[in-house]
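Please consult it alongside the sequence and coordinates shown below.

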Amino acid sequence: MIHAELLRRLCRARDLLRDWEEAPLSVNEVARRTGFSRFHFIRLFKAVFGETPHQYQSKAQIEQAQHLLVLSDSSVTDVCMAVGFSSLGSFSALFSRRVGMSPSSFQQRYRLLAGNPRKLPPCLIPGCFSLMGHVSPKLAISEKRRSDALDRLRGTYENQTKQHLRR
Amino acid sequence: MPWIGFAAHMKIKLSSIFVDNQDKALGFYTDVLGFKKSKEIPMGEFKWLTVISPEGHPDVELVFEPNANPAAKTYQEAIFKQGIPITAFEVDDIDAEARRLKKKGVQFTMNPTDAGPVKIAIFADTCGNLIQIYQPPQKKS
């Protein structure tokens, strides 16, 4: 069982993975600072947070990069350095794989939507019930109880979504 | 204006929790917890994604809300750090359910514990939340 003190250490480790000062801390270093063996740390972190410390760290770096690309005036290279990558090539490759477009396309596209003064556009930071606004509430909420009816409806949603995407 | 005879016309059909990754959430809540996917409608980068309990009322859906909003993330992390569960699900036999989940590798921050009239337990949902399960008094063994 994870008692309160252990939970605090795990949260501290998560903070350290994300909020470094000079350069990103290695997984070993974070484990050391929070009093875990490397093996135990990786295993426990994954069981609690659903991803390894390394996966969490690189996800956090890409998220920080997304925000900086939209909100700051920094170039892609500066953003790459600011979030702790030393190679522009590996940053761009990882960013493209995660986000589905290159850092420069991302910057061009979302800075336009960021307004003045800049803030993150709603499409990047949705509230879940605003997602519902993209389909009619009737489609988003079950109105029928019986599962065959649900399945029938689901077929309709999928067709409508496909049609919507084709448009 | 008199309020006599006024009835509530709002229905409670949705409940939502923040998750750090919608696909991961769907996997954990269906494969591990045993909920059933209800809606998965792509909306750009995110989805309208809900599950229902095969045991519960079929009209109540749990919505997985992406925590992409920094404010949501701050809230979610702070609550987690305090050890506070974000929501609670009812079970008939909490000891059996806790055993079943532990076998699947779920990490508990509280083992099944008597808490007044109910028995409760708390576990991590791998999406940044703590979830409480409780066994109501009338079903207590």
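Chain B contains three helices and eight strands. The model is predicted. Along the sequence, the elements of chain B are arranged as β-α-β-β-β-α-β-α-β-β-β.

**Overall form of chain B**

- Chain B has 141 residues, of which 48% count as buried.
- Where contacts in chain B link residues at least 6 apart in sequence, 53% of them join residues at least 24 apart.

**Strand β7 of chain B and its two partners**

- Strand β7(B) spans residues 118–124 and is mostly covered, with six of its seven residues buried.
- On one side of the pairing scheme, β7(B) is joined by five bridges to β6(B), residues 108–115, in the antiparallel sense.
- Within this pairing, I120(B) of β7(B) has T113(B) opposite.
- The hairpin of β6(B) and β7(B) leaves two residues between the strands, and G116(B) there adopts a positive phi near 65°.
- β7(B) also runs antiparallel to β8(B), residues 130–135, and six bridges join the two.
- Here A124(B) and L130(B), the latter in β8(B), stand opposite each other.
- Five residues lie between β7(B) and β8(B) in their hairpin, and T126(B) in that turn has a positive phi of about 65°.

**Crossing of helices α1 and α4 in chain A**

- Helix α1(A), residues 4–18, crosses α4(A) at roughly 50°, and the two axes come within 9 Å.
- The two helices α1(A) and α4(A) are therefore oblique to each other.
- The crossing of α1(A) and α4(A) has a right-handed sense.
- By class, the contact between α1(A) and α4(A) comprises four nonpolar, two polar and two charged residues.
- From α1(A), the residues R14(A), L17(A) and R18(A) take part, and they meet P53(A), Y56(A), Q57(A), A60(A) and Q64(A) of α4(A).

**K59 of chain A**

- K59(A) belongs to helix α4(A), which covers residues 53–71.
- Is K59(A) buried or exposed? K59(A) counts as buried because its relative accessibility is 17%, and the cut-off for buried is under 20%.
- Apart from neighbours within four places in sequence, K59(A) is in contact with E51(A) and R98(A), and also with D20(B).

Terms used. Residues are numbered from 1 along each chain as its sequence is written. Chains are lettered from A and ligands numbered from 1 in the order in which they are written. This is a predicted model: local features need pLDDT of at least 70, side-chain atom pairs count only at pLDDT 80 or more; totals for chains, interfaces and linings use all residues. Side-chain values use heavy atoms; hydrogens and water are left out. Buried means under 20% relative accessible area, exposed over 50%, partly exposed in between (1.4 Å probe, protein chains only). Helices (H or I, at least four residues) and strands (E, at least two) are DSSP runs, numbered from the N terminus. Two strands pair if DSSP finds at least two bridges between them. Contact means heavy atoms within 4.5 Å. Axes are lines fitted to C-alpha atoms, for helices over the stretch in contact, and angles run from 0 to 180 degrees between N-to-C directions. Angles under 35 degrees count as roughly parallel, over 145 as roughly antiparallel, 65 to 115 as roughly perpendicular and the rest as oblique. A crossing is left-handed if the near helix is turned anticlockwise from the far one by less than a right angle, and right-handed if clockwise. Ala, Val, Leu, Ile, Met, Phe, Trp, Tyr, Cys and Pro count as nonpolar, Asp, Glu, Lys and Arg as charged, and the others, Gly among them, as polar.
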